[in-house]
Amino acid sequence: MARAMRAHEPTLRTAYAACRRINAHYGRSYFLATRLLPARRRPAVHALYAFARLADEIVDAPGPDPSGALGDLEICLKDALAGEPTPHPVLPALADTVRRYDLDPELFTDFLASMRMDLTVTDYATLDDVAVYTHGSAGVIGLMMLPILGTVGPRAEAAPYARGLGEAFQATNFLRDVGEDLARGRVYLPADHLAAFGVDRERLLHAVRTGRTDRAIRRAIAHLVAHTRALYRAAEPGIGLLDPVARPCVETASRLYGGILDEIAAADYDVLAGRAVVPPARRLAVALPGAARCLAARIRTREPARGA
């Protein structure tokens with residue numbers, strides 16, 4: 001059970017405020033969905049997002065020693081979890097979240113292991129190989145979220161669905177960011193699936209260099225979009241296992257992220273022409289019904305609606 005947040009502590013208040021700003025700036029759809037959670041649960045979600053973003057920045061915009069920077073982050077995380085001072089502004093909030101919700105520290109170990117893969121692994125041969133990465137990069141995030149969201153039955157029953165939804169979000173990001181990842185030297189799409197359509201890294205790079213639409217690439221992306229939609233469908237039953245006040249948030253997040261796949265399809269699967277983004281009007285159209293369901297659930301459970 002969650003312990004009361006020690007929000008009177010200035011350092012902790014500052015840390016949670018920093019996490020919230022990071023979430024609002026970098027994760028627009030995620031932040032919008034988080035606003036549908038009861039107020040007392042939102043800071044913990046902001047803390048998880050901010051930590052993940054901190055690690056992402058190390059591997060996606062690396063300095064001279066990204067491996068050392070990740071190692072320093074892991075040491076600082078361990079210090080924060082032990083109650084020691086840390087130079088990272090978000091880690092006091094993360095450590096507080098871990099303590100309040102009894103999160104398993106091994107989940108963070110798995111997450112950082114996937115972040116280290118980004119420093120050395122540039123291609124993935126099969127979906128099984130991709131799954132090793134996505135378990136740590138996204139599946140464990142779903143597992144971290146479960147104690148914060150709450151469940152109506154044993155947490156273990158909801159865990160596979162939570163992990164699966166996190167991995168569906170990650171697969172969506174892979175499809176949205178093909179061009180950006182190529183620029184960083186990475187291809188997260190499974191090589192065997194691409195090869196079935198005559199696509200490889202060189203063909204992707206050629207399409208970027210020439211700016212020409214490539215039918216084979218579009219067909220490969222359409223195939224992977226269909227696969228990713230199947231991941232969402234497989235994870236959907238887990239939403240009904242969550243605390244009723246948390247369901248509108250997760251439903252909305254799922255629909256917003258799924259909307260990225262719709263935008264990719266609307267662009268005829270040409271993911272190299274630009275980054276697929278759900279327009280603000282559509283985000284609002286998805287969020288408003290979620291807000292109504294959220295308010296109804298809060299009224300039924302008498303959970304406070306106001307907060308960060």
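**Entry 1: Leu-12**

I began with Leu-12, which is buried at a relative accessible area of 4%, where buried means under 20% relative accessible area, exposed over 50% and partly exposed in between, with a 1.4 Å probe and protein chains only. I found Leu-12 in helix 1, residues 10-26; helices here are DSSP runs of H or I with at least four residues, strands are runs of E with at least two, and both are numbered from the N terminus. I then looked up Leu-12 and Ile-264, which are 252 residues apart in sequence and 40 Å apart in space, C-alpha to C-alpha.

**Entry 2: what kind of model this is**

I noted that this is a predicted model, in which local features need pLDDT of at least 70, side-chain atom pairs count only at pLDDT 80 or more, and totals for chains, interfaces and linings use all residues. Residues are numbered from 1 along each chain as its sequence is written, and side-chain values use heavy atoms, with hydrogens and water left out.

I looked up pLDDT, the predictor's confidence in each residue from 0 to 100, and its mean over the chain is 90, with 91% of the residues reaching 70 or more. Over residues 1-8 pLDDT stays under 50. Where pLDDT is low, the predicted coordinates should not be read in detail.

**Entry 3: helix 4**

I followed helix 4 over residues 66-81, and its 16 residues reach 22 Å from the first C-alpha to the last, close to the 22 Å expected at 1.5 Å a residue, the expected span being 1.5 Å times one less than the number of residues. Which residues of helix 4 are buried? I listed Pro-66, Leu-70, Leu-73, Glu-74, Cys-76, Leu-77 and Ala-80. Seen down the axis of helix 4, these buried residues fall within an arc of 165 degrees, so they line one face of the helix; the arc is that of the directions from the helix axis to the C-beta atoms. What covers them includes helix 3 (42-60), helix 5 (91-101) and helix 6 (105-120). Just after helix 4, I saw that Gly-83 takes a positive phi of about 85 degrees.

**Entry 4: Tyr-101**

I turned to helix 5, where Tyr-101 lies, and Tyr-101 counts as buried at 6% relative accessibility. Tyr-101 and Leu-272 are 171 residues apart in sequence and 41 Å apart in space, C-alpha to C-alpha.

How values were computed: Contact means heavy atoms within 4.5 Å.
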